[in-house]
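I wrote down each item as I looked it up, together with the cut-offs behind the words.

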Amino acid sequence: MPENTPRDQFGSTGSGGSSTTPSPSGSSSGQSSGGSSSGKRGGGAPASRGRTTIADGVVEKIAGLAARDVVGVHAMGSGVSRTFGAMRDRVPGGGSGKSVTRGVKAEVGEVQTALDLEIVVDYGVAIADVARDVRENVVAAVERMTGLEVVEVNIAVSDVKLPDDEDDDEQDSRLQ
């Protein structure tokens with residue numbers, strides 16, 4: 001195999017090899033260790049060429065939507081964050097999808113993630129059951145969509161929505 005293969009050209013750009021996936025033998029010389037076809041370029045399966053990084057915000061959105069799908073979850077976040085979020089959502093261009101991640105904090109590593117959620121539950125539901133269902137739904141959604149292992153989902157129940165409480169939208173309308 002000639003020394004001037006496309007893999008050699010990309011490997012010698014001075015990137016240090018940190019942004020590419022090394023070959024199984026740890027060498028990037030382009031030399032084949034078996035009878036591979038001379039028509040292949042780059043070596044290895046296309047899925048193993050390069051890295052995929054997932055931002056914290058992506059995991060937060062997935063977890064927030066999955067948590068909201070659980071019966072018994074009234075809202076996400078503390079009362080203060082919901083109030084400020086509702087006011088921000090009323091400002092044109094101020095919402096920018098932030099309400100989806102309200103009450104969710106993610107720490108994302110290369111192969112694992114940990115999540116902290118703050119929820120408001122409806123009055124009358126079993127909080128332990130809602131928390132279990134939220135964990136199961138969040139873990140399933142995040143692992144399925146990202147491929148990351150969810151190592152923990154910490155849930156803080158910050159409030160209970162009573163049947164006779166006004167909704168946040170009704171309280172915000174008085175502020176105008």
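**Entry 1**

I began with A141, whose place is in helix α5; helices here are DSSP runs of H or I with at least four residues, strands are runs of E with at least two, and both are numbered from the N terminus. Before going further I noted that this is a predicted model, in which local features need pLDDT of at least 70 and side-chain atom pairs count only at pLDDT 80 or more, while totals for chains, interfaces and linings use all residues. I also noted that residues are numbered from 1 along each chain as its sequence is written, and that side-chain values use heavy atoms, with hydrogens and water left out.

Is A141 buried or exposed? I found A141 buried, because its relative accessible area is 13%, where buried means under 20%, exposed means over 50%, and partly exposed lies in between, with a 1.4 Å probe and protein chains only. I then looked up its separation from L65: A141 and L65 are 76 residues apart in sequence, yet 9.1 Å apart in space from C-alpha to C-alpha.

V134 also has its place in helix α5, and V134 counts as buried because its relative accessibility is 0%. Between V134 and V70 I read 64 residues in sequence and 6.1 Å in space, again C-alpha to C-alpha.

**Entry 1: the chain as a whole**

I next stepped back to the overall plan, where I counted six helices and four strands in the protein chain. Read from the N terminus on, the elements run α-α-β-α-α-β-β-α-β-α. Of the 176 residues in the protein chain, buried residues make up 27%.

**Entry 2: how the strands pair**

I took two strands as paired if DSSP finds at least two bridges between them. Strand β1 (residues 73-76) is joined to strand β3 (residues 112-122) by three bridges, and the two run antiparallel; within this part of the sheet, M76 stands opposite I119 in β3. I119, found in strand β3, is buried, because its relative accessible area is 0%. I also looked up I119 and G77, which are 42 residues apart in sequence and 5.5 Å apart in space, C-alpha to C-alpha.

Strand β2 (residues 104-108) pairs with β3 in the antiparallel sense over five bridges, and a hairpin of three residues joins β2 to β3. I wrote down two facing pairs here: V104 stands opposite L117 in β3, and V108 stands opposite T113 in β3.

In which sense does β3 run with strand β4 (residues 149-161)? I found that they run parallel and are joined by eleven bridges, and that the bridge partner of A114 in β4 is E152.

How many salt bridges does the structure hold? I counted two, taking a salt bridge as a side-chain nitrogen of Lys or Arg within 4 Å of a carboxyl oxygen of Asp or Glu. In one of them the side chains of R132 and D129 meet, at 3.2 Å from N to O. R132 and D129 are three residues apart in helix α5 (residues 127-146), and are therefore separated by about one helical turn.

R132 is partly exposed, with a relative accessible area of 40%, and D129 is partly exposed at 37%. D133 also forms a salt bridge with R132, the closest N and O atoms being 3.2 Å apart, and D133 is partly exposed, with a relative accessible area of 29%. Salt bridges that share partners join D129, R132 and D133 into one network.
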